[in-house]
Structure formats: C-alpha cells, structure tokens
Amino acid sequence: MTPSDDGVLDMSDREQQIYEGGIQKFNRLGWKRLTVVLIVEAVALGTLSIPATFAKLGMVAGVICCVGIGLIAVYTSYVIGQVKVKFPHISDYPEAGRQMFGRWGYEILYVMLALELLLSAGSHCLTGTIAFRNITESNICSVIFGVVSAIILFIFAVPPSFSEMAILGYIDFVSIIIAVGITIIGTGVEASNSTGLAAVNWSAWPKENLTFTEAFIALSNIIFAYSFALCQFSFMDEMHTPTDFPKSIVSLGLAEIFIYTVTGALVYAFVGQDVQSPALLSAGHLLSRVAFGIALPVIFISGSINTVVLGRLIHGRIFKNSNIRFVNTKMGWTTWLALIVVLSILQFIVAEVIPFFDDLLSVISSLFVSGFTFYFPAIMWFMFIREGAIFSSTKNMIFAALNAVILVIGLVVLGAGTYASINDIIISYDKGTVKGVFSCDAA
C-alpha cells in the first residue's frame with residue numbers, strides 16, 4: 001500500500017501520524033513471510049483434490065501434469081514479480097490490468113479477481129461443512145455447519161495485514177502437512193491390511209472410458225492447486241524489499257510440486273480408483289475424522305486469506321483517498337469489519353449454491369486461474385519484460401515461444417475448462433449425485 005495521496009503534506013499532525021502508522025503497518029513483509037502467506041493461500045484445498053485427479057489421469061499423466069504445471073506457475077509468478085519491481089505502483093492484479101489495457105483492463109480484472117477470491121473462499125466454507133459433517137457424524141442439517149464455517153472464516157479474516165496473517169500461516173502449513181501425512185499413512189496401512197498393496201487397482205494410464213469432461217475437470221483441479229499468482233501483487237505490495245521475491249517463488253514452487261506430486265501419487269497408489277475428493281475422505285472411518293480435525297486450521301486460515309485479499313481490494317478502492325483505508329482508526333475498523341461480515345455471508349451463499357467440491361474448483365480454475373496464472377503473465381512478458389524485438393536475440397525468441405505456449409494454454413483452459421465444468425455440473429444434477437441448494441443433505 002504505497003503513499004499515493006497528493007494531499008499528504010496538507011494533513012494535520014494527527015492525520016499524519018495515522019498515515020505514517022498505516023504505511024508502517026502495511027510495509028512489514030519480508031521474503032520469508034511472503035513465502036508463508038503464499039503457502040497459506042496456495043497449499044490448501046488443492047492438496048485435497050490432487051489424488052482424485054490421479055485416479056482419472058493415471059499415475060504417469062498425473063505426475064507429468066503436477067510437475068509441469070507447477071514449473072509453469074513458478075515461471076509466470078516470476079514474471080509477475082518482475083512486473084511489480086518494474087512498476088512499484090501496481091498494488092494488485094487489477095492495477096496490472098490498468099497497466100496493460102487502461103481503465104477497462106482495471107475494471108475487468110477487478111471483477112475477475114473479486115469473483116475468484118469469493119468463489120475460493122466459498123470453496124473453503126464448503127470444505128468446512130464437509131469436515132464438520134465427517135468429524136461429528138451427526139444428523140445436524142449441513143446448512144448449520146455451513147453457517148459455523150462462515151463464522152470461523154470471518155473471525156480469521158479480521159486481521160487486515162498480510163504480515164499478521166503470516167503468523168497464522170505457520171499453524172496452517174503444519175496443519176495441512178500433518179493431515180496429508182495421516183491420510184497417506186492411513187491409506188497405506190489400510191491397503192496393506194485389506195487386499196495388500198499389490199492388489200490396489202491403480203494404473204499408470206488414464207482410467208478406461210475417460211471422457212473429455214472428466215479429463216478437464218481433473219486438469220483444472222491441478223491448475224487450481226497452483227493458483228498463488230493471483231494474490232502475488234497484493235502480497236508483494238507489503239514487502240519492505242520487493243526484489244527478494246524470487247526466493248519466495250522458488251521456495252513455494254518447489255514445496256508445492258513436491259507436496260502435490262507425492263500426495264497424489266501415494267494416496268492414489270494406496271487407494272486406487274475409489275479415492276475420494278477431498279482426499280481426507282479416503283483415510284478410513286476413524287483416521288478420516290482425525291485428519292479432518294487436524295486440517296481444520298488450513299481449511300479456515302487459507303480460506304480467510306482470500307477474504308482478506310478481497311476485503312483489502314474493495315476497502316482500499318472505496319477509501320482510496322482517505323486514511324480510513326489503513327484500518328487503524330475507529331472508522332477504519334468499523335468499515336473493515338462490516339465489509340468482512342458481508343463477504344462472509346456471500347461465501348456461505350456460494351458454498352450452498354455450488355455444493356460440490358471438484359466442480360467448484362474447476363469453475364474457479366477455468367474462468368479465473370487460467371488468466372491470472374497463464375495468459376495474463378504471458379501478455380505482461382510481451383508488453384513489459386521483453387527487451388528489444390522478438391527476433392533480436394536467441395533469448396528473446398526462446399522466451400517469446402515459451403510465453404506464446406503459456407498464452408495458448410491459458411486460453412484453452414478458459415474455453416474447454418469452462419465447458420467441461422458446466423457440463424459436469426449439469427450431469428451431476430441430472431444423476432442426482434449432489435445435494436440441492438441450501439439442502440440439509442450430506443455435502
């Protein structure tokens with residue numbers, strides 16, 4: 001949050017103190033804490049959807065997609081970091097849209113980012129509902145668990161600074177690692193004790209009669225798992241040394257690739273074609289409940305950071321020329337809390353209206369992550385990072401070809417992925433395999 005007001009020098013002493021306190025509050029993020037908040041935003045629900053994608057794509061394609069898409073995400077995040085360093089005034093992705101396409105670019109990316117963050121937070125509310133039903137095994141209406149999940153997401157979203165959220169990030173990361181570890185061990189032990197590992201029906205190749213829709217839903221879920229680029233401008237805007245960003249990108253990228261690939265491969269190898277999504281459901285009756293209990297912090301902390309990013313986006317726009325945006329006055333806190341309440345209610349509505357895990361992640365990936373992770377960074381390279389004509393050097397030609405491929409990948413995911421997501425939702429409702437809107441049935 002950079003000091004952009006023209007009237008700073010005309011402020012009273014009290015206003016000057018509030019302004020300077022706000023700048024200090026939102027300028028405390030180092031590269032290590034940036035890594036943590038990126039992990040909080042990234043390594044969450046994506047991990048829980050990966051094993052089911054392996055069941056559709058097969059072990060070989062699953063590993064190739066996890067590693068390949070992960071490397072692309074690391075590269076495009078590096079491009080985003082370069083753009084932020086070159087244009088320090090870019091405080092979020094919509095501002096990058098303004099830099100690329102003017103006022104219309106800002107407005108279009110603003111709506112895209114807001115919807116993406118809202119849907120992502122809604123998916124965490126949905127996962128919280130699934131977790132509570134699984135842990136309690138009660139007959140309580142799932143809508144009640146949805147309300148409880150929305151309230152918890154609100155509580156964790158109260159701190160407006162990403163450096164403050166980073167403190168919760170350590171709990172978040174430990175939570176998902178332990179939960180995934182329990183799932184891997186539990187599924188492995190169960191496979192050994194029942195049919196034996198050799199009898200598990202996993203395959204190196206895609207499942208038989210794999211449809212286009214199923215394949216793209218699986219691919220979209222992997223893409224969702226690497227969606228950390230969309231918040232990178234916002235996170236880097238709080239860094240005291242933005243040029244340190246490559247350390248965070250590489251650390252996060254390698255950690256994600258390792259966690260996703262190992263989790264997907266091992267759980268699929270232990271469970272086979274019957275692996276469920278979220279993956280914690282496959283750990284067996286008792287261990288599944290334990291894993292979900294341990295995973296509660298990551299479900300709600302990671303979900304809340306999407307709320308914070310969205311809240312900052314809206315709050316900062318409404319109070320752009322006022323010290324209220326710093327959330328360090330009575331009016332600042334009042335408006336911030338009111339906004340977070342409204343967003344929490346909307347997240348609950350999303351979780352109830354789109355009550356199916358894989359398709360919700362796929363919708364998010366296809367409509368929004370395809371742009372924020374793929375085709376927008378590729379366009380940025382051509383517009384801002386490229387030095388000289390494309391054919392002026394071998395380096396330029398190589399990177400031009402790479403970014404052109406990434407651009408095409410993003411557009412294909414946007415078109416084909418959206419079609420597959422909508423088609424799968426229609427099929428699911430026709431088959432009656434999902435609960436109704438605001439229904440008390442199992443999520």
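Accessible areas here come from the Shrake-Rupley method with a 1.4 Å probe, and for residues only the protein chains shown count as cover. On that basis, the protein chain has an accessible surface of about 17,500 Å², and 68% of it belongs to carbon and sulfur atoms.

Before going on, a word on the ground rules: this is a predicted model, where local features need pLDDT of at least 70 and side-chain atom pairs count only at pLDDT 80 or more, while totals for chains, interfaces and linings use all residues. Residues are numbered from 1 along each chain as its sequence is written, and side-chain values use heavy atoms, with hydrogens and water left out.

What is the chain built from? It has 15 helices and 0 strands; these are DSSP runs numbered from the N terminus, with helices being H or I of at least four residues and strands E of at least two. Of its 443 residues, 58% count as buried, meaning under 20% relative accessible area, as against over 50% for exposed and partly exposed in between (1.4 Å probe, protein chains only). Take the contacts (heavy atoms within 4.5 Å) with a separation of 6 or more: 85% of them join residues 24 or more positions apart.

Now for two helices that meet. Their expected span is 1.5 Å times one less than the number of residues.

| Helix | Residues | End-to-end C-alpha distance | Expected span |
|---|---|---|---|
| α7 | 15 residues | 21 Å | 21 Å |

In α7, the buried residues are Ser142, Val143, Phe145, Gly146, Ser149, Ala150 and Leu153. They lie on the same side of α7, because they cover an arc of only 155° around the axis, taken from the directions from the helix axis to the C-beta atoms. These buried residues pack against α6, α12 and α13. Over in α13, the buried set includes Trp336, Leu339, Leu343 and Phe348, and the cover on α13's buried residues includes α6, α7 and α12.

The whole structure holds 17 aromatic pairs, counting rings of Phe, Tyr and Trp (its six-membered ring) whose centres lie within 6.5 Å; planes under 30 degrees apart are stacked, over 60 edge-to-face and the rest tilted. Phe87 and Phe384 make an edge-to-face pair, because their ring centres are 5.1 Å apart and their planes sit at 65°. That pair links distant parts of the chain: Phe87 is in the loop between α4 and α5, Phe384 is in helix α14, and 297 residues separate them. Phe87 is buried at 17% relative accessible area, and Phe384 is buried too, at 9%. Elsewhere, Tyr93, Phe233, Phe372, Tyr375 and Phe376 form one aromatic cluster.

Some rings have a charge over them (NZ of Lys or CZ of Arg within 6 Å of the ring centre and within 35 degrees of the ring normal). Arg98 lies over the face of Tyr106, 4.2 Å from the ring centre, and Arg317 does likewise with Tyr110 at 4.6 Å.

Among residues beyond four places away in sequence, Ile409 touches Ile72 and Phe374.
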